[in-house]
Amino acid sequence: VPLVESGGGLVQAGGSLRLSCAASGRAYGNYYMAWFRQAPGKEREFVAAISWTGRNTNYADSVKGRFAISRGNAENTAYLQMNSLKPEDTAVYYCAADPQFSYYHTQWGYWGQGTQVTVSS
């Protein structure tokens with residue numbers, strides 16, 4: 001598995017979680033890294049992405065102002081700080097990497113197995 005996520009769990013509405021993504025087996029220093037999520041019965045959707053320099057970020061409208069994506073000092077790590085969580089944020093969250101940015105999950109070449117985030121009301 002090229003990417004490994006961690007940090008998911010159960011949290012009450014209004015709470016916070018921090019997801020981590022670590023690369024395994026290869027370097028992603030000049031790749032975009034992103035987070036997507038998939039709720040039961042729904043298509044995988046874009047959450048946030050960050051350029052390889054860390055200077056450029058993109059967010060889904062539904063998470064703007066609440067979530068923050070960042071890259072670690074090591075090139076092969078990325079984080080998603082999630083604040084003011086809502087029940088509708090409940091999903092499996094996936095880390096992805098690719099040389100090019102896209103809002104569409106089908107365009108990303110490298111994926112993790114996902115980590116479950118559950119927000120109770």
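Predicted model: local features only at pLDDT ≥ 70, side-chain atom pairs only at ≥ 80, totals over all residues.
Student: OK, disulfides. How many are there?
Tutor: The count comes to one disulfide.

Student: Which residues does the disulfide join?
Tutor: Cys21 and Cys95. The S to S distance is 2.0 Å.

Student: What is a disulfide, in general?
Tutor: A covalent bond between the sulfur atoms of two cysteines.

Student: Is the link of Cys21 and Cys95 left-handed or right-handed?
Tutor: Left-handed. The angle about the S-S bond is -80 degrees.

Student: And which parts does the pair tie together?
Tutor: Cys21 lies in strand 3, residues 17-23, and Cys95 lies in strand 9, residues 91-98. So the pair ties together parts that are 74 residues apart in sequence.

Student: Are Cys21 and Cys95 buried or exposed?
Tutor: Both Cys21 and Cys95 are buried.

Student: Why does Cys21 count as buried?
Tutor: Because its relative accessibility is 1%, and buried means under 20%.

Student: What is Cys21 in contact with, leaving aside neighbours within four places in sequence?
Tutor: Cys95 is on the list, along with Leu3, Val4 and Glu5. Met33 and Trp35 are there too. Asn76, Thr77 and Ala78 complete the list.

Student: Thr77, then. Where is Thr77 found?
Tutor: In strand 8. Thr77 is buried, with a relative accessible area of 16%.

Student: And what is Thr77 in contact with, again leaving aside neighbours within four places?
Tutor: Cys21, Met33, Arg71 and Gly72.

Student: Now the core. How many residues are in the largest nonpolar core?
Tutor: There are 34.

Student: Which of them touch the most other members?
Tutor: Met33, Trp35, Val47, Phe67, Leu80, Met82 and Tyr93.

Student: Which elements give two or more residues to this core?
Tutor: Strand 3, strand 4 (32-38), strand 5 (45-50), strand 7 (67-71), strand 8 (77-82), strand 9 and strand 11 (115-120).

Student: Which strand gives the largest share of this core?
Tutor: Strand 9, with six residues.

Student: Let's look at Tyr93. Where does Tyr93 lie?
Tutor: Also in strand 9. Tyr93 is buried, with a relative accessible area of 0%.

Student: What does Tyr93 touch, not counting residues up to four places away in sequence?
Tutor: Quite a list. Among them are Trp35, Val47, Phe67, Leu80 and Met82. Others include Glu5, Leu19, Gly114, Thr115 and Val117.

Student: And Val47? What is Val47 in contact with, leaving aside neighbours within four places?
Tutor: Tyr93, including Trp35, Phe36 and Arg37 as well. Val47 is also in contact with Asn58, Tyr59, Ala60 and Val63. Phe67 and Leu80 are on its list too.

Student: New topic: pockets. How much space lies in the largest pocket?
Tutor: About 160 Å³.

Student: Which residues line the largest pocket?
Tutor: Arg37, Gln38, Ala39, Lys42, Glu43, Glu45, Glu88, Thr90 and Ala91.

Student: How many of those are nonpolar, polar and charged?
Tutor: Two are nonpolar, two are polar and five are charged.

Student: How far is Ala91 from Cys21?
Tutor: They are 16 Å apart in space, C-alpha to C-alpha. In sequence they are 70 residues apart.

Student: Where is Ser84 found?
Tutor: In the loop between strand 8 and strand 9. Ser84 is partly exposed, with a relative accessible area of 41%.

Student: What about Gly109, where is that found?
Tutor: In the loop between strand 9 and strand 10 (110-111). Gly109 touches Ala97 and Asp98, not counting residues up to four places away in sequence.

Student: How far apart are the C-alpha atoms of Gly109 and Val119?
Tutor: They are separated by 29 Å. Along the chain, Gly109 and Val119 are ten residues apart.

Student: Last one: Val11. Where is Val11 found?
Tutor: In strand 2, residues 9-12. Val11 counts as buried, at 13% relative accessibility.

Student: And what is Val11 in contact with, leaving aside neighbours within four places?
Tutor: Ser16, Leu17, Leu85, Thr118, Val119 and Ser120.

Methods: Residues numbered from 1 in each chain as written. Heavy atoms only, no water. Disulfide = S-S within 2.5 Å. Helix = DSSP H or I, 4+ residues; strand = E, 2+ residues; numbered from the N terminus. Buried < 20%, exposed > 50% of the residue type's maximum accessible area, 1.4 Å probe, protein only. 1 Å grid on protein atoms, 1.4 Å probe; cavity = no way out; pocket = protein on both sides within 12 Å on 5 of 7 lines; lining within 4 Å. Points joined across faces, edges and corners; volume = space filled by probe spheres on them. Nonpolar A, V, L, I, M, F, W, Y, C, P; charged D, E, K, R; others polar. Core = buried A, V, L, I, M, F, W, Y, C linked by side-chain atoms within 4.5 Å. Contact = heavy atoms within 4.5 Å.
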